[in-house]
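Here are some exercises to work through with the model open on your screen. Try each task yourself before you read the solution.

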Amino acid sequence: MGNVSNNAYALTCLSPIKKGHYSGTAYSDEVRRRLQQWGLHEQSPMAKVPQTYLTRFFVLDDVYYESLPGTDFGGTWYDILSIFSDRFRRAALPKEDHLESKYLVWCCNLHGDMDTYLRAMWHSIGDDIRSLWEFCYGFEDVKGADTFVHYIKQCQLSASLFFVGSNDASLEEQLKGLYLKQEFSRFAAEHQGLPPAELQQAYRAFIERVQPQNLAGPSWRPGQSRP
Amino acid sequence: MSNIAGKAYAMNVITPIRWYMTWINKVIFLVAQKRPSTLNGLMTLSLIHYARWVIIGRNQFPHLSPQQPKEKLNYSYMLFFSNFNGSWAQYVDSFTFAIPSGLDLFWKWNIRYPKSVPLTPFHSYIQFNQIQTDHYYTAYPLAAANDVKAAKRVKTALIEFDTQFGNADPDQFFKQYKALLRGLQHDMGDMQPTPIISLAEQAKGH
């Protein structure tokens with residue numbers, strides 16, 4: 001399946017937004033406003049959701065197309081035919097599409113199984129989920145973690161290709177690795193030129209402090225924006 | 001609104017594709033997925049965290065309620081989502097220079113795709129079809145994709161070194177410690193919120 005690359009999962013979800021107004025603001029604009037109110041980095045609600053690598057939300061108002069002449073299939077053929085009649089030139093123009101609904105698009109790169117992830121998300125940030133999706137069709141049936149999983153699956157689209165350029169380790173592994181990289185780089189820089197015994201003593205103290213194998217121990221926090 | 005979270009940039013591109021051509025793209029993507037060697041060109045672009053392509057049939061937009069109007073579209077749509085490091089122009093240009101034929105293969109059947117070379121029409125195509133992100137989150141705003149990969153190597157090597165030589169006699173420890181640093185020299189380095197951690201954060205005055 002295109003959504004899975006080893007232990008990494010690509011969740012893509014389009015939730016149709018109802019037509020209507022909330023305090024004079026269109027539902028879609030209200031959804032966008034709420035999203036933009038969310039905090040950044042460690043303040044984002046998504047920082048509380050376990051196993052979230054990177055994720056984004058946006059409101060899709062409509063579909064768009066690029067209108068400069070491109071390398072369309074049959075383009076040259078239409079160019080020749082348009083010498084004889086203008087209708088061939090018009091036939092080669094792209095048709096104009098517009099969406100009937102606006103959509104809340106959620107694109108998430110996560111570690112592990114989607115059902116487990118969504119349940120943990122519901123339990124971590126249930127209030128934020130309700131606030132964000134409340135104007136979407138079908139969300140009125142969401143009453144708990146199970147119905148949330150069911151709802152998201154109804155909105156889910158399969159990826160045709162998922163490319164992992166980073167790695168698919170658990171988030172705790174990734175954050176611990178980054179913490180160790182940062183701390184060990186500093187240690188190495190700060191302890192240059194020491195005699196072997198003194199260096200080894202400092203190293204032992206360093207290892208005791210950073211606890212390389214302890215994922216629950218000293219590490220970076222999800223969304224940490226300052227070293 | 002921000003496409004930027006720390007060192008990551010979120011790109012969303014939606015482009016129309018003739019519905020009767022989507023199967024060609026799906027076959028191309030399937031081959032790419034089944035044979036990872038076909039993505040070697042993409043692997044050379046080490047600035048990418050994660051990327052995906054999603055094709056939505058013109059009748060496949062989620063429909064969840066009888067009250068929701070059904071979409072009446074002429075085209076199917078291809079969505080491209082990428083998480084990368086660096087600026088927009090660096091990313092788009094690196095795609096063009098590193099894998100121009102791969103790009104053309106993936107977008108060839110999209111409406112009015114201008115091809116990846118020359119650059120200016122390709123820039124316009126991406127700009128015209130890009131949608132801004134309303135909320136973007138990364139679990140490690142200080143880290144680039146290369147940092148995440150390097151961190152894994154540092155962690156593995158450090159644990160291995162500690163197990164074998166952490167309690168060795170000082171001279172052997174010293175020798176192996178230097179070997180460890182030599183082996184990790186490309187993976188070490190301080191990660192800082194540079195040059196601008198987030199334009200949105202800056203705008204908020206934090």
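**Exercise 1.** Find the residue of β4(B) that is the bridge partner of B:T15.

*Solution.* This is a predicted model, so treat what follows as a reading of a prediction. Start at B:T15 and step across to β4(B): the bridge partner there is B:M78. Now zoom out to the two strands. β2(B) and β4(B), which spans residues 76-85, pair in the antiparallel sense, and the pairing runs over 10 bridges.

**Exercise 2.** Work out the order of the strands in the open sheet, and say which strands are its edges.

*Solution.* Step one: walk across the five strands, which gives β8(A)-β3(B)-β4(B)-β2(B)-β1(B), with antiparallel pairing. Step two: look for strands that pair on one side only. Those are β8 of chain A and β1 (4-5) of chain B, and they are the edge strands.

**Exercise 3.** Describe how β8(A) joins β3(B), and where the side chains of β8(A) point.

*Solution.* First, count the bridges: four of them join β8 (residues 161-164) of chain A to β3(B), and the two strands run antiparallel. Next, pick out partners. A:F163 bridges to B:A51, and A:V164 bridges to B:Y50. Finally, check the directions. A:L161 and A:F163 point one way from β8(A), while A:F162 and A:V164 point the other way. Both pairs are buried.

**Exercise 4.** Size up the contact between the two chains: how many residues of each take part, and what kinds does chain B bring?

*Solution.* Begin with the totals: 94 residues of chain B are in contact with 82 residues of chain A. On chain B's side, helix α6 (residues 145-165) gives the most, with 12 residues. Then sort that side by class, and you get 56 nonpolar, 21 polar and 17 charged residues.

**Exercise 5.** Decide whether B:H135 is buried or exposed, and list what it touches beyond its sequence neighbours.

*Solution.* Locate B:H135 in strand β5 (residues 135-138) of chain B. The cut-off for buried is 20 or more other C-beta atoms within 10 Å. B:H135 has 26 C-beta neighbours inside 10 Å, so it counts as buried. Leaving aside neighbours within four places in sequence, B:H135 is in contact with A:L35, A:Q36, A:W38, A:R56 and A:F57. For a sense of distance, take B:T163, which is 28 residues away from B:H135 along the chain: their C-alpha atoms are separated by 43 Å.

**Exercise 6.** Explain why the buried residues of α4(B) sit on the same side of the helix, and find what covers them.

*Solution.* Pick out the buried residues of α4 (residues 100-107) of chain B: B:L103, B:F106 and B:W107. They cover an arc of only 85 degrees around the axis, so they fall on the same side of α4(B). Among the elements covering them are β2 (8-17), α1 (22-34), β3 (48-56) and α3 (88-98) of chain B.

**Exercise 7.** Which residues have the most contacts inside the largest nonpolar core?

*Solution.* That core has 109 residues, and the ones to pick are A:L104 and A:V105. As background, nonpolar side chains tend to be buried together in soluble globular proteins.

How values were computed: Residues numbered from 1 in each chain as written. Chains lettered and ligands numbered in written order. Predicted model: local features only at pLDDT ≥ 70, side-chain atom pairs only at ≥ 80, totals over all residues. Buried ≥ 20, exposed ≤ 12 C-beta atoms within 10 Å, placed from the backbone. Helix = DSSP H or I, 4+ residues; strand = E, 2+ residues; numbered from the N terminus. Arc of directions from axis to C-beta. Contact = placed C-beta atoms within 7 Å. Nonpolar A, V, L, I, M, F, W, Y, C, P; charged D, E, K, R; others polar. Pairing = 2+ DSSP bridges. Core = buried A, V, L, I, M, F, W, Y, C linked by C-beta atoms within 7 Å.
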